[in-house]
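Colleague: I have a structure open and would like to go through it with you. Could we begin with the terms and then move to particular residues?
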Amino acid sequence: MPKLTIDNLQVTVAEGTNVLEAARALDIVIPHFCYHEALGAVGACRLCAMMFVDGPVKGLQMACMIKAQDGMVVSSTDPDAMDLRRHVIEWTMINHPHDCPVCDEGGECQLQEMTVAGGHGVRRYTGKKRTFSNQNLGPFVQQEMNRCITCYRCVRTYRDYCGGSDYGVFGSRNRVFYGRVQDGSLESPFSGNIIDVCPTGVLTSKPFRYKTRLWDLQEAPSVCPHCSLGCATVPGGRYRDVQRVRAGINRETNGFFICDRGRFGYDHVNHPQRPRQARVDGQPVMIDKAVMAARQRVAEMAREHGPNSVAFLGSSRASLEANALLRDLASTTGSTQLVFEAHHGRDRAARTLVARLGEHARSQEDIRQSDLIILFGADPLAEGPMLALAIRQAVRNGGRVVVIDPRPVELPCAATHLPLAPERLPVILTAFGRGDLNAFDAREREFFASLIEQLHSARRPIMVGGADLLGDKGVDALCSAAAELSTGARSVGVMTLLAGPNSFGGGLLAGDGPGFDTLLDAVHEGRVHALVCLESDPFREAMDPARAQAALGRLQLLVSIDATPSLAARRADIFLPARANAEMAGSYINNEGRLQAFLPVIDPGLPIRETGAGNHPPREFFQETPGSAPEADWWLLAQLLERSANLAEVRKTIAENDEVLAGLLSITTETTGLRLTARGVMPLSAEKPPLHAAAVGILTLLVTTAPVGSHWLAHLSSPLAATEPQPYVCLHPDHADALGLVAGDRARLTTHSGHCQVVIRLSAQMMNGLVLTPQLWDTALEGMRPGSLLDCRLEKETKA
């Protein structure tokens, strides 16, 4: 590790660290614009000049371009270095407008900071400034091009790091323009990252525009609740209103960036229909009375009909602490009817992953460093977008990507794609792990023989699976294949995309308990009379919503704890309003088994923009903040258990009762999280479903998730509403031609649950003969369940 001296201070840094980062380690501020740790150094802005006085490199150099070496003596205060920096910042500022009072970047503007640090304070230029017309870049990013200092960060982020192709640089000399060929929404699902990297106010958040100055914003480190990857975020709020989310830094998960779903999906916290008042039998009550009523009625039901007459349903979007306390509540009641996921397939897949993953677990950072990534039934942009970005970095580092999936899986990088029927994936994985080429046809045999060769020659291979498509059998086969293909010198890694931020935690807590379908059977048979739902909506999330609604209608008692306007919350006999994750502290376990903590940003309450109807807040005085009744999900469970509602005490009790969760005592938001090594329990074997075989004239429909519209919390966020698609199906062009359909046609999709109008989309990467459709909330496709294979008919609609 090189040791060098900067401004008479010695520092030892890791091999490969540049001098700019070495200075930062000493808290020495070196002005810079173009350099960003995730993007690397290009030496374009010429602002980080330092004088190299002695050592292997000498003279005036750009600090970001020089790697730290032993014996270097560097000065940031050398007169020549300071003079160059002062001139560079002066010419950078020549065309910049004096509009800081109305610029959304104020308070976190790197240009302001670096102008002061560079020694420039008086504008001498009196000529005409260069000006541009702004583009409309869609609903997320606001452009003010006149503020641009041509640092190139936005293009390097959008095109190089994120793989976007519709945003770039145009012009030359002092007429350089950053934008699109023409106005239009940015197409990349990571477009919001250019907001974070822009050092000026050129690119700012359109939904956040003119809302709050940074110094008035309440912020805290958090974990994204929109998928299972556990990306670090920093939500910001004011006036009881979550107003934005920016990327946090976690080098093991998301690195420095986040996806647009995570960035703009915050508005579920502010949803106008969010239930904020506790209710008992439809009547509003104080929350302590509702808790008392729930406790008494559950106890009465257990006494009258037996402990197992009360069932408990957790959720992948509830905190780990709340799910653990729900397990304790079931145990205290004496009930074994405990489930942590209403979607039966997702529940079994999560439990299987927890039981089998072990030492094969891999993080997003491992993905970025991998030299071979094989995706089996995984669609990262829909199921975990930041995984797609991690895969792109692997390709940029020389890695290869292979996709085995019936869907047209889009990635922001080059990949080899083999479409296979979804029901064949577990069988294929088993044969692949054993190296049994007889399980494949001639075309597949050549493909997999080559793939096995590539895997054996790879040093850091990782197999990625999607729980929705693979199911529990496929996840089990994925982990078995990784174990069989590993050697003493090289282990094959595994990453599986689950449904929610705490799906892994639910699988860990579930043990050998029943599945939700078994629970529904018990309700149908009259053995279960009460259900306690923790941030779950079984009416809409079960594999068969119609069956679930028919069964749950027989319940004598439904208790719902939720922070969203779910159907369960509306139908509950007793409703307890919960806080959203931006309003409370807690923890999740992500899909690799990493336990991560998050902190509250704001207290719950009706946003002032709502109570004031957009005008000045009403000049009324209340003893309580309007809409402030919601409490943390773990707080409500602790109250039901009549335990201390202090988070530290809650975590201590959980850790004492379950040594697997002992990490709760030590986790903080200042670390990358703690990967748990304990394994869960495999779910009981389920009856093997028959292979799907459609009758003549009947098509096979695969239900999946869409990048936007299929995720409940994101669906409730108004900034994302404009990007949600209308109902559609996707076909292979040859299949569509055989059906007499072309792209853009409107067709009638009929399944056992009814029919709806859909738009036809085509993709040559689709498996021929299969029909693909996503589940989309609040549309005719809402009742579809990801991972399902259904019979359907598809008929072109004729114009009247």
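Modeller: Buried means under 20% relative accessible area, exposed means over 50%, and partly exposed lies in between, with a 1.4 Å probe and protein chains only. This is a predicted model, in which local features need pLDDT of at least 70, side-chain atom pairs count only at pLDDT 80 or more, and totals for chains, interfaces and linings use all residues. Residues are numbered from 1 along each chain as its sequence is written, and side-chain values use heavy atoms, with hydrogens and water left out.

Colleague: How many aromatic pairs are there?
Modeller: The count comes to 11 aromatic pairs. Rings of Phe, Tyr and Trp (its six-membered ring) pair if their centres lie within 6.5 Å; planes under 30 degrees apart count as stacked, over 60 as edge-to-face and the rest as tilted. One of the pairs joins phenylalanine 376 and phenylalanine 432, which are tilted at 50° between the planes and 5.8 Å centre to centre.

Colleague: Which parts does that pair tie together?
Modeller: Phenylalanine 376 lies in strand β18 (residues 372-376) and phenylalanine 432 in helix α13 (residues 425-434), so the pair ties together parts that are 56 residues apart in sequence. Helices (H or I, at least four residues) and strands (E, at least two) are DSSP runs, numbered from the N terminus.

Colleague: Is phenylalanine 376 buried or exposed?
Modeller: Phenylalanine 376 is buried, at 0% relative accessibility. Phenylalanine 432 is buried as well, also at 0%. Another pair, phenylalanine 447 with phenylalanine 448, is edge-to-face, with 5.4 Å centre to centre and 80° between the planes. Phenylalanine 448 has a relative accessible area of 0% and is buried. Ring pairs link Phe376, Phe432, Phe440, Phe447 and Phe448 into a cluster.

Colleague: Which charges sit over rings?
Modeller: Arginine 571 lies over the face of phenylalanine 539, at 4.8 Å from the ring centre. The charged end of arginine 761 sits over the ring of tyrosine 728, 3.7 Å from its centre. The rule requires NZ of Lys or CZ of Arg within 6 Å of the ring centre and within 35 degrees of the ring normal.

Colleague: Changing topic, what is the strand order in the open sheet of 7 strands?
Modeller: The order is β15-β14-β25-β24-β23-β16-β17, with mixed pairing. β15 (283-284) and β17 (338-339) stand at the edges with a single partner strand each, so one side of each has no neighbour in the sheet. Two strands pair if DSSP finds at least two bridges between them.

Colleague: How many bridges join β14 to β15?
Modeller: There are 2 bridges between β14 (residues 279-280) and β15, and these strands run antiparallel. Valine 280 stands opposite glutamine 283 in β15.

Colleague: Where is serine 717, and what does its side chain reach?
Modeller: Serine 717 is in the loop between α24 (712-715) and α25 (718-721), and is buried at 1% relative accessible area. Its side chain reaches the backbone oxygen of phenylalanine 264 at 2.6 Å. Leaving aside neighbours within four places in sequence, serine 717 is in contact (heavy atoms within 4.5 Å) with Phe264, Gly265, Tyr266, Asp267 and His268.

Colleague: Which residues other than glycine have a positive phi?
Modeller: Threonine 150 is one of them, with a phi of about 55°. Threonine 150 is in the loop between β6 (141-143) and α4 (153-161) and is partly exposed, at 34% relative accessible area. Tyrosine 239 also has a positive phi, near 55°. Tyrosine 239 is in the loop between β12 (232-238) and β13 (241-247) and is partly exposed, at 41%.

Note on methods: A polar contact is a pair of N or O atoms within 3.5 Å; within protein, one must be able to donate a hydrogen and the other to accept it, and residues adjacent in sequence count only if both atoms are side-chain atoms.
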